[in-house]
Amino acid sequence: MQSKPADLKYHLELSQRMANIGSWEMDLTVDDQDAPQYWSDETFRILGYVPGEIVPTYSAFLNSVHPDDRKEVIAAAEESIRHAKKYDLEQRHLLPDGRTIVTQSVGEVIFDPKTGLPIKLCGAIKDVTESKQAQEALERTGKEMQTLFKNIDEVLYSVDMQEYRVLQMSPACEKVYGYTVQEMTDNPLKWFEVILEEDQHIIHESDPVMRRGDTVVNEHRIRHKDGSIRWLGGRLTPTLDETGKLIRIDGVCVDITARKEAEQALLDSERKYRTLLENSSDGIVVTDRNNSVLFASSSMHRITGYAPDELPQVDIGLLFHPDNQDAMISNLENLFNKPGETARFVSRFRRKDGNWIWLEGVTQNLLHEAAVNGLVTNFRDVTDRIEYEEALRAANVDLKKTNDELDRFVYSVSHDLRAPLASLSGLIELTATETIEPELLEYLTMMKQSVQKLDGFILDILDYSRNSRLTVNKEVIDFHELLKDASEHLKFMSNERSGVDVRWRVSGDTPFQSDNSRLKMIFGNLISNAVRYYNVHEPQPFVEVTVLVSEKEAFIKVADNGVGIDPKLHDKIFDMFYRVSNKSVGSGLGLYIVKEAIEKVDGTMEFSSEPGVGTEFRIRIPNLTG
Amino acid sequence: MSYKKVLIVDDAAIDRLLAKKMMSKFSFATDVHTVESAMDALDMLKSCTPIPESLPELIFLDINMPQMSGFDFLDEYNKLPEDIKKKCVIVMLSSSLHPEDRDRALASPYVYKFMSKPISAEKLSELTKI
């Protein structure tokens, strides 16, 4: 039992204001839209009026409805009246102060109990603008989340751990794993099966952690559906129920292959350079401006005898030989202000055991490189090499002396051998002028030929000796002079030339440099040979030398119409002491010397010859000018 | 036209004989004087100084000689009075094959020619006085 309230109308007003719900009543017996109706105070307020400010009419209500919604409102009201139906509708209103609001109206028709005719439409109205907006915002957010879920590169998933069922998984799994959401959901263990066997322990290890309720972060490799190996990074957040049982896992996993590969590449690179550094036979040392050692490779210890921990206390500059110290120090000081510059050095260095060794190296100023911040010196022990070079230099001096002596000796010997031959030759000639006795003259000619043969032999031995021993000179060559000389001093021959026409043509006025004495040997022997082996059946025997000089080389052709060389002998004629027959008057050294001399001046030679037609030598000698 | 006086400086007796015989055979010179050393040659030239007509027009000089070589002779010859040097022409005659010898000889302003031994009619004809 309770007492009756003093004023029910007051209670109603209060309730309406608190709930923001207005009520209204429309008399259906009066067919006039402008007839006064009943609006509760809250209805006035919802529609933007002070209670009682206007006369509440159906047309006033319709006027407040947004023009676009008006038709619908009218239709709903008519429908309700006609079919005695409740109605429930949302509509927009344009308020007098310009605001737009959304209201929800519910209405009910009241019928006359006697006639059964509708007499009133009673309803309530509520401002639902805010909740409407909130709902829209929620829907929008939901849609955005959906889009995000579908499009992000990370795989988001939730797993029901009681039924072991994948509740949801974002479509990125198709990219990350290669399997569709369907495939991943159908087989809830798929995600585990694709993990490389050697990485599966990572997952096993995270299991107890999650069962304690802690988030797990891990990295592991999987085999993608396309067969490639991918690195994944995952973060799993467990949810426990009130009894502490794991019921759900929410996780995110992302493909970190690129990052992993970059990290690996960096590691590999670091390892590679460290290995190179430590295994290099060269010593590598990094020093600062005070010549203190910041870093020394292990080979530094091997070369200098100083262990890495002894070095920071040592002024490395003072370990160089006093004779080299000033140069070393000024070398380094020069470098200090030149970032990136390098300087070479060769200097004696005192090992820890007191022995002096020779170091050769290169120092580069890398003070400006933040990763180095010092002078980097690569060096090696060149003691053996320097000593060897010294010995070689001394040996070379000796050798040169010996060579010079030998050269003088060869000249002396050749002179002493030739002098009596010259006397003999002169006497033979003189004797020949004293007689007209044919037999005697024939003997004298034979004597002269023998003397000449011997003389030619001495000349060849001299050429051979000089060609093999002497260094190659670079001097300006006058081909005309050389050819003139060669044609005037034919070897193994009396002065008459058997009527052989020796002619030459030199073209190209480019300066030419090579070794004069070698060229002299080449021309002398080839021209002498051509004249000596002329063809007696040839009415106009000749030897023709063509020289074509260019910046690159001299092309020399020595052609004759002599007896030619039997093809069977072509590969023998350049052999040492090879003579074609006993009738050959030479030493058998001529073409051998030609071949050797051409090799000395880096030239090439080819030849063609046909018996009875002639022989042609083609020689190319590089031009040493420039 | 032959030379009036020619001097042959050679330590080898055969070569002196040969030169002398060849020259007389081909009437190369009227007076062929021979000495067996460079010192004798210098003495002879100095002794001729008072009578310039007695100086040889042509001197055949060997290179390889004991004590004083042909080149040593040239150094001493350089010190002689201009009167003598103006009158004489030197021909080097040697069996040396050393290119240096030839170059060194021709580098001297007093050497007209370098000839290799033996002396022959052909070579003499190259020197025939015009």
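**Two chains, question by question**

Author: Buried residues make up 24% of the 626 residues in chain A. This is a predicted model, in which local features need pLDDT of at least 70 and side-chain atom pairs count only at pLDDT 80 or more, while totals for chains, interfaces and linings use all residues. Residues are numbered from 1 along each chain as its sequence is written, and chains are lettered from A and ligands numbered from 1 in the order in which they are written.

Reader: What makes a residue "buried"?

Author: You count other C-beta atoms, placed from the backbone, within 10 Å of the residue's own: 20 or more is buried, 12 or fewer is exposed, and in between is partly exposed. In chain B, 32% of the 130 residues count as buried.

Reader: Why is E369(A) called partly exposed?

Author: E369(A) has 13 other C-beta atoms within 10 Å, and partly exposed is the name for counts between the two cut-offs. So E369(A) is partly exposed. E369(A) sits in the loop between β14 (356-366) and β15 (374-381) of chain A. Its C-alpha atom is separated by 8.9 Å from that of G340(A), 29 residues apart along the chain.

Reader: What makes something a helix or a strand here?

Author: Both are DSSP runs, numbered from the N terminus: helices are H or I with at least four residues, strands are E with at least two. On that basis chain A has 17 helices and 22 strands, and chain B has six helices and five strands. The order along chain B is β-α-β-α-β-α-α-β-α-β-α.

Reader: How do you know that the buried residues of α15(A) line one face of the helix?

Author: The buried residues of α15 (residues 479-488) of chain A are F479(A), L482(A), L483(A), A486(A) and S487(A). Seen down the axis of α15(A), they fall within an arc of 125°, so they line one face; the arc is that of the directions from the helix axis to the C-beta atoms. On the other side, H480(A), E481(A) and E488(A) are exposed. The cover over the buried residues includes β17 (501-507), α16 (516-532) and β19 (542-549) of chain A.

Reader: Why are α15(A) and α16(A) called oblique?

Author: They pack at an angle of about 45°, with axes 9 Å apart. Axes are lines fitted to C-alpha atoms, for helices over the stretch in contact, and angles run from 0 to 180 degrees between N-to-C directions. Under 35 degrees is roughly parallel, over 145 roughly antiparallel, 65 to 115 roughly perpendicular and the rest oblique. So α15(A) and α16(A) are oblique to each other.

Reader: And what are α14(A) and α17(A) to each other?

Author: Helices α14 (residues 438-469) and α17 (residues 590-600) of chain A pack at about 20°, with axes 10 Å apart. They are therefore roughly parallel to each other. In their contact, D460(A), D463(A), Y464(A), N467(A) and S468(A) of α14(A) meet G590(A), I593(A), E596(A), A597(A) and K600(A) of α17(A).

Reader: What makes two residues count as "in contact"?

Author: Their C-beta atoms, placed from the backbone, must lie within 7 Å. By that rule, 18 residues of chain B are in contact with 17 residues of chain A. Helix α1 (residues 13-25) of chain B gives the largest share of chain B's side, six residues. That side divides into eight nonpolar, five polar and five charged residues (Ala, Val, Leu, Ile, Met, Phe, Trp, Tyr, Cys and Pro count as nonpolar, Asp, Glu, Lys and Arg as charged, and the others, Gly among them, as polar).
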